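Subject: Structure handover

Hi there,

Here is the structure I promised to pass along. My notes on it follow below.

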Amino acid sequence: MARPSGCVVDDQEYDTMKTAFSRTLCALALGAGLSAGLVAQAQSLSAEDQIKFRKAGYSFMSWNMGKIKAQVIDGSVAFDPAQVEAAAQAIAGIANSGMGALFGPGTDQDAGEQRTRARPELFQNFPDVATLGNNMNRAADNLLEQAKTGDQAKIRAAFGELGQTCKACHDKYRAR
């Protein structure tokens, strides 16, 4: 697929974005909720694929966080309310996709070509992880709600809150 006209990234970056987006769509399709059927579907994947899909989802969220940061925190890119809202929509969609199902058996360690940065403690503390995940989901939803207002101060505050929820989990459960 050709890069759309008016696209502000080069062909290589666009191809990378398409790949990340495709992987994220797979993760979203697999983790659209935590019903028993969807958990079983996600866990029917190999541990390697579960790690790959969850990493793709988190990478896509990170890329979208970077787009918002550049516009409302750094000011390195001109503020475009539609782009901020689109990025917030992507973040909220992934955050609420049920990616917790991709932390199945065998994903507590490296699998095949996939390296995990999840600490073993994550797999021993699912109630705490669920609380942290729910906090992230609510913060992502709030970021989207604030992005829809176009108010940079509100977006900035919601962005900070979401960043704190990410940090709370990383500090406890992500290997450096």
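How many disulfides does a search of the whole structure find? The search finds zero, a disulfide being a pair of cysteine sulfur atoms within 2.5 Å. The sulfurs of Cys 169 and Cys 166 are 8.5 Å apart, which is too far for a bond. Cys 166 is partly exposed at 23% relative accessibility, and Cys 169 is partly exposed at 21%. For these labels, buried means under 20% relative accessible area, exposed means over 50%, and partly exposed is in between (1.4 Å probe, protein chains only).

Before you go further, please note that this is a predicted model, where local features need pLDDT of at least 70 and side-chain atom pairs count only at pLDDT 80 or more, while totals for chains, interfaces and linings use all residues. Residues are numbered from 1 along each chain as its sequence is written, and side-chain values use heavy atoms, leaving out hydrogens and water.

**Overall picture**

The chain has six helices and zero strands; these are DSSP runs numbered from the N terminus (helices H or I, at least four residues; strands E, at least two). Of its 176 residues, 35% count as buried. Contact here means heavy atoms within 4.5 Å. Among contacts between residues at least 6 apart in sequence, 69% join residues at least 24 apart.

**The core**

A nonpolar core is a set of buried Ala, Val, Leu, Ile, Met, Phe, Trp, Tyr and Cys residues joined through side-chain atoms within 4.5 Å. The largest one has 28 residues, and Ile 68, Ile 91, Leu 143 and Leu 162 have the most contacts inside it. Two or more residues come from each of helix H3 (47–72), H4, helix H5 (126–149) and H6. H4 gives the most, with eight residues. Another core lies apart from it, with seven residues, among them Phe 103 and Tyr 173.

Two residues are worth a look in your viewer. Ala 88 lies in helix H4 (residues 81–95) and is buried at 0% relative accessibility. Leaving aside residues up to four places away in sequence, Ala 88 touches Ile 68, Leu 143, Leu 144 and Ala 147. Its C-alpha atom is separated by 9.6 Å from that of Ile 155, 67 residues away along the chain.

Thr 165 is found in helix H6 (residues 152–173) and is buried, with a relative accessible area of 15%. The Thr 165 side chain reaches the backbone oxygen of Leu 162 at 2.7 Å. With residues up to four places away in sequence not counted, Thr 165 touches Asn 135, Met 136 and Ala 139.

**Salt bridges**

The structure holds five salt bridges, each a side-chain nitrogen of Lys or Arg within 4 Å of a carboxyl oxygen of Asp or Glu. One of them pairs Asp 128 with Lys 172, with the closest N and O atoms 3.0 Å apart. Asp 128 lies in helix H5 and Lys 172 in helix H6, so this pair ties together parts 44 residues apart in sequence.

Another joins Lys 167 to Asp 171 at 2.6 Å between the closest N and O atoms. Both residues lie in helix H6, four residues apart, about one turn of the helix. Asp 171 also meets Arg 176 in a salt bridge (3.8 Å, N to O). Arg 176 is exposed, at 72% relative accessibility. Through shared partners, Lys 167, Asp 171 and Arg 176 form one network.

Best wishes

Definitions and conventions: A polar contact is a pair of N or O atoms within 3.5 Å; within protein, one must be able to donate a hydrogen and the other to accept it, and residues adjacent in sequence count only if both atoms are side-chain atoms.
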